[in-house]
Amino acid sequence: MFQVLSWWLIIELIGIAVLPVAFHFFRNVPDRGYAFIKPLGLLLIAYPFWLLTTLGFLTNTRGAIALVAIGVAMLAWWFAGRQQTTDNRRQTTDDGRQTTDDGRPATDDKQPSAVSGQRSLAEWLRANATLVLTTELVFTLAFCAWALVRAYMPEIQATEKPMEFAFLNGVLQSERFPPLDPWLSGYAISYYYFGYIIAAILTMLSSVPSSVAFNLMIALLFALSATGAFGLAYNLIRNSQFAIRNSQSLFFALFAPIFLVLIGNLEGLFEVLRAKGLGAPEFWKWLDIKGLAGAPVTGTFAPTDNWWWWRASRVIHDVVLGQTQEVIDEFPQFSFLLGDLHPHVLALPFALLALAVALNLLRNSQFTIRNWKLGLGIWNFEFPLLPFDFFLLPLLLGGLFFLNSWDILPYGFILVAAFAVARYRANGEWNRDATRDLAFFVVALGALSVLLYLPFYLGFQSQAGGILPTLFVKTRLHQYLVMFGLFVFILGAFLARLLFERRGVSARERLNHALTPLTALLAFPVLVMALALVIVAASPHLREQARAVFPAAGDNFLASVLLAFFGPLVSDPWLFIVLTILLVVTLVLAREHLADASTFFALLLAFTGWLLTFGVEFVYLRDQFGTRMNTVFKFYFQSWTLLSIASAYAVFYIARARPSPRRRGVGGEVVARIAWFSAFAALFGASLIYPALAIPNRADDFAKPPTLDGIAWIRESNPGDYAAIEWLRANAPRGAVTLESPGGEYSYGNRISMATGLPTVLGWAGHESQWRGGSKFFKDDAAGVDRAADVHQIYQTIDPKETLTLLDKYAIKFVVVGREEKNLYGLTKTQIEKFSRVMTLVFEYGDVRIYGR
C-alpha cells in the first residue's frame with residue numbers, strides 16, 4: 001500500500017511542477033491541459049535528465065534526478081509569474097463582456113472553462129474545481145484499481161516481460177546514457193529506451209525495488225492513458241456546438257477511457273458462445289479465429305482453458321499455402337492485462353498528449369509564422385520566426401520516436417494536419433503565405449524533432465528494411481469487425497448523422513469533393529502493385545511462392561505477381577470497399593466541418609485510424625519476421641487509440657443531436673435513435689465481456705495472496721537464484737559484467753541479468769539480432785566473434801588459463817553457476833571447481849554459487 005501511495009504522490013508532485021506550463025500552453029482548450037500535466041511533467045523532467053546524463057554533465061543518480069525535477073519546477077513557476085500579466089489580459093466583446101476563444105460570450109452554463117487568457121491559474125482552478133477533482137478521481141481510481149489487478153498477476157515471466165525488466169534494470173545500473181545493454185555486455189541498448197528511463201526515474205525517486213516498480217509502472221500507464229482519454233474527450237465535448245452543462249460534458253467524456261483501456265474487442269463474445277457449445281462447426285471454421293474452433297466446450301458461458309484471452313490478440317488470421325502467418329492485433333486492455341512493459345504501452349500516455357497538443361494547435365486561430373527581419377547594410381534577410389510555444393511540439397514528437405518509433409507516423413500526421421487547418425481558419429483561405437508556413441512548419445518540426453534527440457539517433461540501429469507490398473493475404477471483413485466492430489458501428493452512425501444534418505449540400509458538390517480522395521485510394525493499390533513487380537522480380541523466393549500459391553499462372557511472371565497482389569483482394573474485396581467508403585465519406589465531411597473544431601478533430605482521428613488499417617492491406621514495414629505481423633500489431637494498436645477517442649465524441653454527438661419536434665418525420669427518427677442506442681448497448685455490453693472474464697482468468701480467480709513484487713515467484717520456485725539476485729543487487733558494483741548461461745527466446749535462462757540489470761555476455765540472441773539489424777555483434781565468423789561459443793567454453797573448459805583469457809576478453813567480474821548452467825552445460829564438479837583457481841567464491845546458497853574477481 002505504501003509503495004502505491006508513494007508513486008501516486010510522486011506523480012502528483014510532478015504534475016504540479018509543470019502545471020503553469022500546461023496552463024499557458026493549452027490555453028485554447030477548456031481544461032487548460034490539466035488532464036495531461038502528469039505525462040507532460042514526466043517528459044519535461046526526463047528529457048533534460050537524459051540529455052545531461054548522455055552528454056556527461058550528470059550521473060544517473062537519485063540526487064541528479066531530484067536536481068533536474070526541482071529545476072524544472074522552479075523554471076515552470078517562474079515562467080508562471082512572467083506570464084501573469086499576459087494571462088490576465090481580458091478579451092471583450094463590443095459591449096465589454098468576456099468571451100471564449102472563438103468569440104462567444106462566456107457564461108457559467110456555456111463553456112466557462114474555455115475562457116483563455118482571462119484568469120490567473122489560481123482563479124481558473126477555483127472556477128473549475130469540479131473538472132479538476134473529476135480528473136484526479138479518474139486518475140486515482142484507475143491507478144489504484146489496476147495496481148490491485150497487477151497485485152494478483154505480478155509475475156515477470158513469459159512473453160517479453162523478462163526483456164523489458166532487463167531494460168529497466170539496465171537503466172538503473174548505468175552511470176551514463178545510453179544505458180548498458182544487460183544482454184550484450186560492452187554495448188549500449190539499441191532500442192527505443194526512453195520509456196524505460198522514465199520508469200527508472202520514478203523507481204529511483206520512490207526507492208521501491210525495480211521488481212515492484214515494474215508493476216506500478218503498468219498501473220501508472222493505465223491510469224495516465226485513462227486520464228488522457230478523458231481529457232481529450234472532455235475538451236472535444238466542451239467545445240462542441242451543443243449548449244450543455246459541465247456535468248454532462250464530464251459524463252460523456254467517461255466513455256473515452258472506457259473505450260480506450262477497459263473494453264476488449266468482440267472476440268470475448270465468441271469465446272463465451274464457444275464455451276457454451278453454441279454455433280455449428282461450419283460457423284467456427286468460417287470465423288477462423290486462431291485456436292478458437294478447438295477451444296473446449298464447458299457447457300457454461302465461461303471459457304476455462306489456459307490463457308484463452310490470448311486469442312483476442314490473434315483475431316486476424318493470415319494463411320498462405322495452408323500455413324499460418326502470425327499476425328498480432330493487440331488492443332490496450334489486452335496489453336495491460338498481459339502486463340508487458342513494451343514501448344507501445346509506454347508511449348500511450350504521450351501519444352494522447354500529442355493529440356491534446358494537436359487539438360490545442362487546431363483551435364489556435366492566431367498561430368501564424370511571422371518573419372524576423374535582419375538588416376546588414378545593403379543586404380536584408382527575412383527568417384521565419386516560430387513562437388516559443390512551438391518548441392514543445394518537436395520535444396514531444398521526437399520523444400514519441402524515442403518512446404516507440406512507430407508512433408511518429410500517425411501522430412506527426414495529425415499535428416501537421418491540425419496546423420494546416422488552423423492556418424486555413426486563421427485567414428479563411430489557403431494562399432501562398434499559408435503554403436510557405438506549412439512547409440516551414442513541417443521542416444522545422446521534423447528537423448528539431450531529430451536535433452533534440454540527436455544523441456539517440458547517432459547510436460540507434462534498427463531491423464527496419466524498407467517498405468514491402470503485402471502479398472497473398474488480405475484481412476477478411478468479419479475478422480476486422482470482430483476487432484473494430486463497436487467503433488465501426490458508432491462512427492458509421494456518426495457519419496450518417498453528419499450527412500443527414502448537411503443533406504442540403506448538393507450531390508454534385510460532394511462528388512467533386514470525393515473524387516480526389518477516391519482516386520487516390522483506388523490508385524494506391526496500383527502503385528503498390530508496381531512496387532511489387534520490382535520486388536518480386538528481384539526475389540526468386542517470392543517468385544517460387546507466387547507460383548506455389550497460384551499454380552495456374554505457370555511461369556508467367558506478370559500473371560503470378562498480379563495474382564499474388566490482387567488475387568486475395570478480388571476474392572474477398574469487402575474490407576477494401578468498406579474502408580474506401582469510410583475514408584472518402586470521413587474526408588468529405590471533415591472538409592465540410594472545418595469551422596467546427598471538435599467535429600473536425602474527431603473526423604481527423606477517425607480518418608487516420610481508418611487509414612492505418614487500410615494501409616496494412618497493401619504494404620508493411622520489412623523486418624526479420626518477413627511478414628506484416630509487426631506492422632499490423634503497431635498500426636492496429638494506434639488505430640484503436642484514435643478510433644476510441646473519436647467514438648466517445650461520436651456517442652455524445654449522436655445523443656445530443658435530437659430531432660426537432662417541428663420537423664416532419666420526427667417519429668421515424670425517434671424510432672431510429674431507439675434502435676441505434678439499443679444496438680449500441682448490446683455491442684458495448686459484448687465488448688465488456690472480455691475484461692469481465694479475462695481479468696479473473698488471468699488473476700487465477702484472485703486465489704493467491706496479492707503482491708506487487710514481480711520476482712516473488714522466483715523466491716518460491718528457485719530460492720537459490722533469488723538469493724543470488726538479492727546478493728548481486730546489494731554487492732555488485734554498478735555495471736559489473738556477470739556471466740550466466742544464455743537463455744533461449746522468452747525463457748527463464750537470463751534470470752540474473754534480467755533481475756539485476758548487470759550486463760551479461762549474451763542474452764536472448766534472437767532479440768539482439770532484431771534490435772541491431774543482424775547477429776554480427778555477437779556472432780561474426782569473419783571477425784572471430786562468437787559469444788555463445790565463448791560462454792560455452794568458459795563453463796566447459798577445465799583449463800584455468802583459457803578460462804582467465806576468456807574472462808578478460810569480456811571483462812567478466814562475476815560468474816554464476818546455478819541450476820540453469822548445470823543443466824545446459826552438464827557441468828561436472830571439476831568444471832565448476834576450476835573457477836576457484838582463478839576467482840573467489842563470494843556467494844553460495846543452495847545449488848547456486850557466484851565466483852568473483
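**Salt bridges**

I started with Lys779 and Asp786, whose side chains meet in a salt bridge, N to O at 3.1 Å. The model is predicted, and I read every value with that in mind. I then looked up how open the pair is. Lys779 has 40% relative accessibility and counts as partly exposed. Asp786, at 23%, also counts as partly exposed.

Next I took Arg311 and Asp305. They form a salt bridge, with the closest N and O atoms 2.9 Å apart. Arg311 is buried, with a relative accessible area of 11%. Asp305 counts as buried too, at 17% relative accessibility, since the cut-off for buried is under 20%.

Which residue forms a salt bridge with Asp340? I found Lys161, with the closest N and O atoms 3.2 Å apart. This pair links distant parts of the chain, 179 residues apart. Asp340 sits in the loop between α14 (332-338) and α15 (343-346), while Lys161 belongs to helix α7 (residues 161-172). I checked burial at both ends. Lys161 has 1% relative accessibility, so I log Lys161 as buried. Asp340 counts as buried at 9%.

I also noted a network of salt bridges that links Asp721, Glu740, Arg751 and Glu821. The count for the model comes to 30 salt bridges.

**The chain as a whole**

I stepped back for the totals. The chain holds 36 helices and 12 strands. It has 853 residues, of which 58% count as buried.

**Helix α21 against α25**

I turned to helix packing. Helix α21 (residues 477-501) packs with helix α25 (residues 574-592) at an angle of about 30 degrees, and their axes are 11 Å apart. Are the two roughly parallel or roughly antiparallel? The angle puts α21 and α25 as roughly parallel to each other, because angles under 35 degrees count that way. α21 passes α25 in a left-handed crossing.

I listed the residues that meet. From α21 come Leu477, Tyr480, Leu495, Leu498 and Leu499. From α25 come Trp574, Leu575, Val578, Leu579, Leu582, Val585, Thr586 and Leu589. By class, this contact of α21 with α25 has 12 nonpolar residues, one polar and no charged.

**Helix α21 against α27**

I followed α21 to a further partner, helix α27 (residues 629-656). The axes of α21 and α27 come within 9 Å and cross at roughly 40 degrees. That makes α21 oblique to α27. The crossing is left-handed.

The α21 side of this contact includes Tyr480, Met483, Phe484, Phe487 and Arg497. Among the α27 residues they meet as a group are Tyr636, Trp640, Leu643, Tyr649 and Ile654. I looked up the classes. The contact of α21 with α27 divides into 18 nonpolar, three polar and two charged residues. I noticed that Tyr480 and Leu498 of α21 are listed in the contact with α25 and in the contact with α27.

**Helix α18 against α27**

I then checked α27 against helix α18 (residues 408-427). Their axes come within 10 Å and cross at roughly 40 degrees. Leu409, Pro410, Tyr411 and Ile414 in α18 meet Phe635, Gln638, Thr641 and Leu642 in α27.

**Single residues**

The peptide bond from Phe177 to Pro178 is cis, with omega near 5 degrees. Pro178 is in the loop between α7 and α8 (194-206).

Arg32 has phi near 55 degrees, a positive value in a residue other than glycine. I placed Arg32 in the loop between α2 (19-25) and α3 (37-54). Asp701 also has a positive phi, near 55 degrees, and is likewise not a glycine. Asp701 lies in the loop between α28 (666-698) and α29 (712-717).

Is Arg32 buried or exposed? Arg32 counts as buried, at 2% relative accessibility. Asp701 is exposed, with a relative accessible area of 60%.

My last entry is Leu75, in helix α4 (residues 62-87). Leu75 counts as exposed at 57% relative accessibility, as the cut-off for exposed is over 50%.

Conventions: Residues are numbered from 1 along each chain as its sequence is written. This is a predicted model: local features need pLDDT of at least 70, side-chain atom pairs count only at pLDDT 80 or more; totals for chains, interfaces and linings use all residues. Side-chain values use heavy atoms; hydrogens and water are left out. Axes are lines fitted to C-alpha atoms, for helices over the stretch in contact, and angles run from 0 to 180 degrees between N-to-C directions. Helices (H or I, at least four residues) and strands (E, at least two) are DSSP runs, numbered from the N terminus. Angles under 35 degrees count as roughly parallel, over 145 as roughly antiparallel, 65 to 115 as roughly perpendicular and the rest as oblique. A crossing is left-handed if the near helix is turned anticlockwise from the far one by less than a right angle, and right-handed if clockwise. Contact means heavy atoms within 4.5 Å. Ala, Val, Leu, Ile, Met, Phe, Trp, Tyr, Cys and Pro count as nonpolar, Asp, Glu, Lys and Arg as charged, and the others, Gly among them, as polar. A salt bridge is a side-chain nitrogen of Lys or Arg within 4 Å of a carboxyl oxygen of Asp or Glu. Buried means under 20% relative accessible area, exposed over 50%, partly exposed in between (1.4 Å probe, protein chains only).
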